[in-house]
Amino acid sequence: MKKLFQSLAVILMKEFFRFCASLRIDWKRVIFVGALMTTVGVNLQMFLLTDLLDMWPLSLPIAHVSDESLSSIRSLNQTFSEERVKRLQLISTDVPIIPANSSLMLNISVLAMPDIGPVPKGRSRRRNKGGSVDNMPKVLPPPDPPRIHVPYRLQKFIRSLIPNEALVYAKKEIDHAPEVVDDPDLYAPVFRNMSVFKRSYELMELILKVYIYREGSKPIFHVPHLNGIYASEGWFMRFMESNKQFVTRDPEKAHLFYLPYSMRQLELKLYVPGSHQIKPLAIFLRDYVNMIAGKYPFWNRTHGSDHFLVACHDWGPYTLTQHEELANNTIKALCNADTSEGVFVAGKDVSLPETTIKNPRVPLRNIGGLRVSQHPLLAFFAGYMHGRVRPRLLKYWRDKHEDMKIYGPLPSRISRKMSYIHHMKSSKFCICPMGYEVNSPRIIESIYYECVPVIIADNFPPPLSDVLDLSKFSVNVAEKDIPKLREILLAIPMRRYMAMQTNVKMVKRHFLWNRNPIRYDLFHMILHSIWLSRLNQIQIPES
């Protein structure tokens with residue numbers, strides 16, 4: 001019987017093929033339509049199905065649906081998803097692989113992606129000697145901490161206040177700041193008073209408005225200088241002028257007024273090399289302030305006490321002396337924060353961090369340190385013999401101890417074996433003596449490379465010392481105690497050093513120039529210090 005059916009099937013197939021052969025069929029069109037339908041069907045299923053097509057053969061037939069079978073299906077699908085993630089990770093390790101239906105993972109992954117900015121056109125990417133592409137640094141800024149929710153009624157109340165009333169309200173709130181024992185976004189040991197700082201910072205975000213004068217010709221005004229040891233003023237200007245949260249176009253609503261000039265650009269434009277005359281620079285600023293005071297009522301209203309400037313240059317204080325109110329009344333954020341010269345006033349003015357930026361496109365390059373066990377050196381310094389302190393440092397400690405590497409400019413025979421940065425990363429303490437002026441970029445470099453800074457500069461309030469407790473992550477050595485430097489460092493117990501080194505790591509985020517500002521970074525910390533200085537001027541009326 002079986003053979004009979006097989007023979008009948010063969011006969012029917014032969015007759016069917018004879019019938020098809022007798023018809024006139026456009027086989028090219030049939031094949032084209034079939035291929036087109038196949039392609040469309042495959043693409044549709046790739047978009048509609050949650051698993052890849054090569055997973056189809058692994059799917060199991062389902063006889064009937066039950067709780068047990070559904071559980072096994074979910075388990076199987078999870079296994080397939082994990083396998084798919086592993087396979088896709090082999091394709092690219094730079095892009096985060098996110099499981100389906102995982103919004104939380106998506107948010108975390110997006111925050112961790114580096115912001116490398118636009119790639120310049122017409123330029124090839126640099127390659128290392130080995131031929132591989134020079135990768136961007138792996139150091140990523142921390143995610144932006146979430147802002148607190150502000151009730152609408154409070155926002156409406158703040159908007160109803162005139163600037164001086166808002167400042168009085170803020171000062172009262174800070175004076176009665178609620179105690180904060182622990183905060184997920186802040187590390188309490190590095191602050192003088194974390195509760196006061198947190199409340200002040202929140203009120204700054206809620207209240208502060210800054211008016212930026214548009215007057216002033218480029219490049220001295222409105223052109224940030226973003227590289228070198230004077231980069232702090234440029235990065236602050238860049239972020240301040242592009243900010244939408246704090247900047248207002250209505251000067252009547254402003255609590256602070258920004259004089260947007262660059263001290264570095266002023267030097268490059270007006271200073272005559274070799275003349276040793278900076279008076280023309282001071283006269284230029286005097287004339288600019290007089291122009292502002294004549295055009296607007298805001299300067300004369302407070303005699304400049306609600307105006308501020310940011311200047312990271314050794315000459316910064318000396319270019320203010322031709323205008324009495326500019327020198328005495330304004331809030332001055334200066335790198336050269338020398339309290340002995342009568343221009344910088346501690347408590348009123350702001351000690352500006354001096355940061356060295358070599359590549360503005362990658363400001364966080366090489367940042368990070370080594371494990372504590374990989375710090376074999378006790379102390380390190382290398383630099384030019386500027387000022388009165390550095391020659392004394394070399395006199396007492398150059399080539400005296402194997403674990404104290406104290407140099408002038410780092411010799412090439414040494415740097416070929418161990419770079420300047422690696423010396424800092426390998427040292428427990430990094431010596432930061434003043435140069436011609438009190439500040440030094442080594443203070444911030446030490447923090448970047450997780451080395452405890454040792455500051456040697458009398459009459460110098462360290463950067464951000466209005467809110468940060470520098471004794472928790474740095475050592476201050478008086479100039480007269482340079483002969484006892486080793487004794488002072490060795491007297492620090494290992495437990496205290498470990499705590500200081502941990503604090504350096506934790507405070508580092510407050511000294512970073514990120515490609516885009518985030519809460520509690522250096523831009524916001526400098527702005528907060530200026531805000532705090534303005535609040536200190538406010539007298540609360542007695543009720």
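Guide: First, a word on confidence. The mean pLDDT (the predictor's confidence in each residue, from 0 to 100) of the protein is 83. Of its residues, 78% reach 70 or more. Over residues 47–138, pLDDT stays under 50. Where pLDDT is low, the predicted coordinates should not be read in detail.

Some ground rules come next. This is a predicted model, where local features need pLDDT of at least 70 and side-chain atom pairs count only at pLDDT 80 or more, while totals for chains, interfaces and linings use all residues. Residues are numbered from 1 along each chain as its sequence is written, and side-chain values use heavy atoms, leaving out hydrogens and water.

Now go to strand 9, residues 452–456. Strands here are DSSP runs of E, at least two residues long, numbered from the N terminus. Strand 9 is mostly covered. Five of its five residues are buried, meaning under 20% relative accessible area with a 1.4 Å probe, protein chains only.

Look at the side chains. In a regular strand they alternate between the two faces of the sheet. Val 452, Val 454 and Ile 456 point one way from strand 9. Pro 453 and Ile 455 point the other way. Both sets are buried.

Next, find the neighbour. Strand 8 covers residues 427–433. Five bridges join strand 8 to strand 9. Two strands pair if DSSP finds at least two bridges between them. Strands 8 and 9 run parallel. One link to trace: Cys 430 has Pro 453, in strand 9, as its bridge partner.

Terms used
Contact = heavy atoms within 4.5 Å. Buried < 20%, exposed > 50% of the residue type's maximum accessible area, 1.4 Å probe, protein only. Helix = DSSP H or I, 4+ residues; strand = E, 2+ residues; numbered from the N terminus.
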